[in-house]
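Keep the structure in view as you read.

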Amino acid sequence: MHYDHVDRLLVQWQHQRPDLDCSPMGVIGRLSRMSRIVDKKLKKTFKNNNLSSVEFDILATLRRFNESMTPTELYQTLMLSSGAMSTRIEQLVKRELIERIASPEDRRSCSVVLTKEGKALIDKVLEEHIINEKATLDPLTDEQREQLASLLRTWLLTNES
């Protein structure tokens, strides 16, 4: 059997506190370590394309919805503050990746949409992103991936608000 970093911690806790069941640390510790590793790998793809992860999320959301969205719809979908969304939108407009469309009903309101350049960029980065994600999951078989996705879905359905 191969031992990872978390196994070593669990063995240490077993020696120091045999009265405690520290097995939850095995799951949570591994999820935490995985999150940091995955985040680092994903950010590399974004950085190589001059995007932050938030900018990628904005462009990907616009591409996925395939229609204009208001900044409010975007920040609610992405769970960002309105201030953070406004700043990111402004940066993406300046880079000509998205454009604002004034609302015909309300002069103070607008929506945003991908430009031709923005669509081309997100399509390119999305392909790289998927390749990166697949490579990240290479140690798992297809069956293990499905099993992990199912377990994580069950946990999220119970714990997400």
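What radius of gyration does the chain have, and what would a compact globule of 161 residues have? The chain has 21 Å, while the globule would be near 15 Å. The radius is taken over C-alpha atoms, and the globule rule is 2.2 Å times the number of residues to the power 0.38. Those C-alpha atoms fill a box of roughly 70 × 30 × 25 Å along the principal axes.

This is a predicted model: local features need pLDDT of at least 70, side-chain atom pairs count only at pLDDT 80 or more, and totals for chains, interfaces and linings use all residues. Residues are numbered from 1 along each chain as its sequence is written, and side-chain values use heavy atoms, with hydrogens and water left out.

The chain has 7 helices and 2 strands. These are DSSP runs, numbered from the N terminus: helices are H or I with at least four residues, strands E with at least two. Their order is α-α-α-α-α-β-β-α-α.

Of the 161 residues, 22% count as buried. Buried means under 20% relative accessible area, exposed over 50%, and partly exposed in between (1.4 Å probe, protein chains only). Cys22 is buried at 12%. Cys110 is partly exposed at 23%. The structure holds 0 disulfides, a disulfide being a pair of cysteine sulfur atoms within 2.5 Å.

Now look at helix H2 (23–48). Leu31 lies in H2 and is partly exposed, with a relative accessible area of 38%.
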